[in-house]
Amino acid sequence: MRLFAKDYRRDELITLFGCLLAIHEPLEAALAGTPEAMAIGYRSRTPLLVNGLATLGGQRGSSPPVLVPTYSSSASRIGGLYVLEGSILGGQVIRRQLEAHFGNAIRDALDFYSPYGEDVGGQWIRFRTALAQITADEAAGREAELAAIATFSAIGLQLACLDTMDTTYRHSGSGS
């Protein structure tokens, strides 16, 4: 992924945020208001992506509809939330990299990566507690696992366009 390349450009970050918005918006529409999300204090990141795009000078694209999994049970919803909440942990690394690369000028644009501020660790502990309660039952655990895999797949399909862009940048020698 070009995200960590020395020649990573602002327009690439705008494209990334547009792709992330296209998948996060329907995922959060399916998960954010659920009892499971409310129990863990889930914070929606869609508004943070919209703000990030605007701060970077980008705007909401007209992406085709993205298919997301159906979350029909508590176990499946906690599986989907596992992916969203877990991505915040990795987001800390990404945020630090982008701040180092672009400087403080884009700091506010990166709030998507840390919606809980300094309480990322505390939020992960709250989530793990809810996860353990719901998945104590083996069948519920398997259902949560399948929902997490389906959620990862949906995100992967959405972000596959970035792999093509990565290859184009590497082969064309562009990136400046």
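Colleague: Which residues in H1 meet H3?

Modeller: On the H1 side they are Arg-10, Leu-13, Ile-14, Phe-17, Gly-18, Leu-20, Leu-21, His-24, Glu-25 and Glu-28. On the H3 side they are Thr-46, Leu-49, Val-50, Gly-52, Leu-53, Thr-55 and Leu-56. Keep in mind that this is a predicted model.

Colleague: How do I read a pair of packed helices, and at what angle do the axes of H1 and H3 cross?

Modeller: Two packed helices are described by the angle between their axes and by the distance between those axes. Here the axes of H1 and H3 (residues 46–56) come within 9 Å. They cross at roughly 160 degrees. An angle over 145 counts as roughly antiparallel, so H1 and H3 are roughly antiparallel to each other. The crossing of H1 past H3 is left-handed.

Colleague: Which residues of H3 are buried?

Modeller: Thr-46, Leu-49, Gly-52, Leu-53 and Leu-56 are the buried residues of H3. Looking down the H3 axis, they fall within an arc of 120 degrees, so they line one face of the helix.

Colleague: Why do residues three or four places apart point the same way?

Modeller: An α-helix has 3.6 residues a turn, so residues at that spacing point the same way. In this model, the buried residues of H3 pack against H1. Just after H3 comes Gly-57, with a positive phi of about 95 degrees.

Colleague: Now H4. How do the axes of H1 and H4 cross?

Modeller: Use the angle and the distance again. The axes of H1 (residues 10–31) and H4 come within 13 Å and cross at roughly 160 degrees. That makes H1 roughly antiparallel to H4. The H1–H4 crossing is left-handed.

Colleague: Which residues in H1 and H4 meet?

Modeller: From H1, Arg-10, Leu-13, His-24, Leu-27, Glu-28 and Leu-31 take part. From H4, the partners are Arg-77, Gly-80, Leu-81, Leu-84, Leu-98 and Phe-102.

Colleague: Which residues in H5 are buried?

Modeller: Val-120, Gln-123, Trp-124, Phe-127 and Ala-130 are buried in H5. They cover an arc of only 125 degrees around the axis, which puts them on the same side of H5. The face turned away from that buried side carries the exposed residues Ile-125 and Gln-133.

Colleague: What covers the buried residues of H5?

Modeller: The cover includes helix H2 (35–40) and H4.

Colleague: Step back to the whole protein. How many helices and strands has the protein?

Modeller: There are six helices and zero strands. Along the sequence the pattern reads α-α-α-α-α-α. Of the 176 residues in the protein, 44% are buried. Now take the contacts between residues at least 6 apart in sequence. Among them, 81% join residues at least 24 apart.

Note on methods. Residues numbered from 1 in each chain as written. Predicted model: local features only at pLDDT ≥ 70, side-chain atom pairs only at ≥ 80, totals over all residues. Heavy atoms only, no water. Buried < 20%, exposed > 50% of the residue type's maximum accessible area, 1.4 Å probe, protein only. Helix = DSSP H or I, 4+ residues; strand = E, 2+ residues; numbered from the N terminus. Arc of directions from axis to C-beta. Contact = heavy atoms within 4.5 Å. Axes fitted to C-alpha atoms, helices over the stretch in contact; angles between N-to-C directions. Parallel < 35°, antiparallel > 145°, perpendicular 65-115°, else oblique. Left-handed = near helix turned anticlockwise from the far one by under 90°.
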